[in-house]
Amino acid sequence: MNLSKLLGTTVLTSVIGLAGAAAAQDAPAGPGTTVDEVVVTGSRIRLKDYTAPNPVTTVTSESIEFSGATNLGAFLTDLPSLTNSLQLEEGAETDTPGLSGLNLLNLRNLGAVRTLVLIDGRRHVSSNPGAASVDTNSIPTALVERVEVLTGGASAVYGADGVSGVVNFIMKKDFEGVDIRAQTGWSEAGGGANNFVSLLMGDNFAEGRGNVTLNLEYSGDDAVTFFDRDYTRPGQRSILISNPDDPGTFNPDDDDPSLYDFVPATNTRYIDTTRGGSIYTNFNTATTLSGVTFLSDGSRFVDGRSAGGFIAVGGSGTPLDDFNDDLLPGLKRGAVNLNARFEAAPNATLFAELKYTNSQATFFAQPSYFYGLHVPLDNPYLPAVARADALTPGGLGLSLGGVLLARDNFDLGTQNYDITRETLRGVIGLEGSLSDRIDYEVSLVYGRADQTTDNRNVIIYDRVFAAADVVNGPGGPVCRSNLDPNAIPLGDLFAQFAFPTGAWGRTFTPGAGSGCLPLNLFGENRNSREAIDWVTGDYTNTDTIDQTVLSGFITGDTEGWFSLPAGPVNFVLGAEYREESSDSRPAPIQEVADAIEYPLTGIGRASRTQGSFDVKEVFGELSVPILRDLPFAQDLRIGAAYRYSDYSTSGGTETWNVNARWQVNDVLAFRATKARAVRAPNINDLFAARQQTFVSFADPCSQENVDDGENPTLRRQNCAADLTAMGVNPNTFINNSSEATGGFIRGNPDLNPEEADTFTLGFTISPSLIRGLSLSVDYYDITIDDAIQAYDPQTIVNNCYDLPRPNAFCDLIARGDVGGNNGRIVSFEQIPGNIASFQTSGVDFTVRYALDPADFGFDRDIGRFNFTLIGNKLEDLTLVEASGAQPNDDLGEEDAPEWQVTFDATWMYRDVTVNYGVAWARKTSRFSNAAMAADVDGDLAAPNLLYFDAKNVHDLQARWQVNDRFQVYGGVNNLWDQQPEADDYTYPVSPMGRFFYIGMSAKLGSIRDALFWR
């Protein structure tokens, strides 16, 4: 580490627009220093001392090293503007396994799809199939010079997707020397160990006209499982549930204000499913909570106490604690980067970049389950008492010839995912000068990302149905289909899974040689490995993403033609062509199995999605000096940018921005921008194939919910109309099954680009009386109209009954008779449309102070100090899901704290550097703002349970410069071991807990010096 550079570097800096200071400049230029033309994020204008009129927060490479970070995404999430970015813990979920191992930046809480991530101002291929979101794990840590975060629309400068702003990774150029960094870390509670090593080496040649830089990097992170943390181990978790003792939880008319509506509870369970199997012999739901009669051993099923929906306290059901995903996936990453530049002529420099990254994420999720599996009465494993009860009046044996089984298949294995991502990116370009006043750049960027997902899971339908349909054969229990190939099981009645002609036997050939081995599903661990393997499949899904970008622009000023009194006009003119394509291909066996799983449509969760689009664009920028070197107008400049884009899918769009920057004097400056930005629909938005999905939601017509909603009278009226037409009594209808409802999602090729209006206004102060102090304050406002959004399933269902009839929402759902439970919602559809709007606003502020005690006459050397505070006051974060819908105010709710601050203090004394950092966010509500406002009785929950704790994470690192080459360091992240909430185990902090690390870095001089140890 170059100590003099380190001393001049803050931990987190902000481009504050001071006159005469280049972007992200940490220390004033010394005698003889040449200040080159500077380009900052948000503009392609190139001129000396240029500072952006919009707020840009900058993070330096030293900041990354001070944090001990080996994961750029996790590090950047501490910035208030990126706080809700997708981290590894959010990707480790059963319902989103494809996100496992990704870090996706989400600027201003408006979604990763609306955050444009660039490398040196150029686009980077996505790692998320069908979307444009860039995985920061594919960006090499050692090559990063700084990261600039721009708020506000940047579409006029860079193109679509930057409606919330831009995160631009500026990479090191013309690097010369050999740098090595190695680090190892471990969590105090276990799991999550990390090993990291990087090599950065570069050399100049041809008398400095050329440079080649090579970077090799590896990082390995172990998984953190549920069993690695006390607060998530089975039997330890306490979650918030609807109070079983308060009837008002389900019926507001009976609310008891002396009892809290929500209370913490342990021993929470599903109301009906069990690990060994729950047996339905009749549907006597009027007297039981679950409708289940027997357990797998023939003993009576015991109902728990209802906690609303499909959750109960106590009883025979499977504990919720048993359904665990990994808290953090395992992740191994390797990268090779090769960059080269060569000045072929005084006005022409060739540049090239080549990158290959490989990441492997491993993720273990909860097991499969059955719900309503039909078991004929002649199954030898069926308990005799259940067989007899099914043949009594009203029994299922008389109507269906069997019983129904609900089972959680822990003994058949968990869902296992192994995701390999390979990213290849190449850049080739030419830059130089056309004249003394005009520069140019032409570049071609090609990127390709390949994702391979190896799954291991139960092939539930046709193989499981065959193996579960057991009869007594000549040698004992045998699959019925082995004896009679034409014997087709009845299927899963609750989920309407039956076998139409041609669907049976798609993954095997029924008959004596099928390989089917009988499964005993009545009890746990009753089956051989061979029987389990026959119903378990290994299959591989593949995804490919391609991106090609050809762009060119000229930038310069008008001094050769004309100048204004304050100077020449600076300009940029350019054009760009971009093509994107994506192809997601499920494994053939998964397509077949899913087509059987959903025979009514032949469509499953595994459907191929492919599509492409291209866009042709022209753009321009102007920066016009108005006043210069006048009293109260050291520099006044206005600017504008415009881009026209022609999409092959959605037609033409126009984006623009206008801006102004007024440097009053050396102390005070003002800046403002107004912009129109767009996000064109991505490939998933447009072309996603119709696929099955499952969602658990509250049926608004069920008795515990019918009096909720914005208009309970209208809800009751609409529910009565639908249920009565089906022959169901609306006054007694209950739908509290734990079975998720199947629905469909698909793309919409008729989508239009969404538009955003952004506005920023701010000022910077650098008081001359306090040397080293600077302050910036910026207000931002972003409004997105015609936002691309699919209705949330719960919203679809609620609006069908809460809005006057007829309404379009009722066309998206269907009710039916499922296994004798007439009136249940059996299907829904989610189709994206330009239907939503977003609104967010707030204030960013940055305070930076470089303190040298010698400036105050202190004659004793006690070192130097750098202090940086970056904060945000969120004023508004609102989603309107569709025109006329009630606005969803998220301000102060989970992931949207009203106040956020990061603070860093760095002490530099001779060969020692100590950094102390704090990331703080105000407490947030556990409940929606609407629920909090409606709590007039104050009985929603105990006061200590109304809010999630404030985030309050402290990090400490110490470094020792051993000599001019070597530095050693060590640190602790989350020093005071703040833990997430037990019922939301990724919030407000990561489940990693207290984390220790040690490392070393070496700067070995030139390659020759390193080789010969000079």
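Student: Where is Asp-161 placed?

Tutor: In this predicted model, Asp-161 sits in the loop between helix 5 (155-158) and strand 6 (165-171).

Student: Why is helix 13 called roughly perpendicular to helix 14?

Tutor: Look at the angle. Helix 13 (residues 712-725) and helix 14 (residues 793-802) pack at about 95°, with their axes 7 Å apart. Angles of 65 to 115 degrees count as roughly perpendicular, so helix 13 is roughly perpendicular to helix 14.

Student: Which residues make the contact?

Tutor: Helix 13 brings Leu-714, Arg-715, Asn-718, Cys-719 and Asp-722. Helix 14 brings Asn-798, Cys-800, Tyr-801 and Asp-802.

Student: What is the make-up of that contact by class?

Tutor: Four residues are nonpolar, two are polar and three are charged. Cys and Tyr count as nonpolar here.

Student: What makes up the nonpolar patch on the surface?

Tutor: Phe-205, Val-212, Leu-216, Val-336, Leu-338, Leu-354, Tyr-356 and Leu-424 form the patch. Together they have about 620 Å² of accessible area. To belong, a residue needs over 30% relative accessible area and no salt bridge, and nonpolar side chains are joined within 5 Å.

Student: Which strands each supply at least two residues of the patch?

Tutor: Strand 9 (210-221), strand 17 (330-345) and strand 18 (348-367) do. Phe-205 belongs to strand 8 (residues 194-205).

Student: What kind of peptide bond joins Arg-805 and Pro-806?

Tutor: A cis bond, with omega about -5°. Pro-806 lies in the loop between helix 14 and strand 35 (813-818).

Student: What is omega for the cis bond from Tyr-987 to Pro-988?

Tutor: Omega is near 5°. Pro-988 is in the loop between strand 45 (966-973) and strand 46 (995-1003).

Methods
Residues are numbered from 1 along each chain as its sequence is written. This is a predicted model: local features need pLDDT of at least 70, side-chain atom pairs count only at pLDDT 80 or more; totals for chains, interfaces and linings use all residues. Side-chain values use heavy atoms; hydrogens and water are left out. Axes are lines fitted to C-alpha atoms, for helices over the stretch in contact, and angles run from 0 to 180 degrees between N-to-C directions. Helices (H or I, at least four residues) and strands (E, at least two) are DSSP runs, numbered from the N terminus. Angles under 35 degrees count as roughly parallel, over 145 as roughly antiparallel, 65 to 115 as roughly perpendicular and the rest as oblique. Contact means heavy atoms within 4.5 Å. Patches are made of residues with over 30% relative accessible area and no salt bridge: like charges are joined within 9 Å, nonpolar side chains (Val, Leu, Ile, Met, Phe, Trp, Tyr) within 5 Å. Accessible areas come from the Shrake-Rupley method with a 1.4 Å probe; for residues, only the protein chains shown count as cover. A salt bridge is a side-chain nitrogen of Lys or Arg within 4 Å of a carboxyl oxygen of Asp or Glu.
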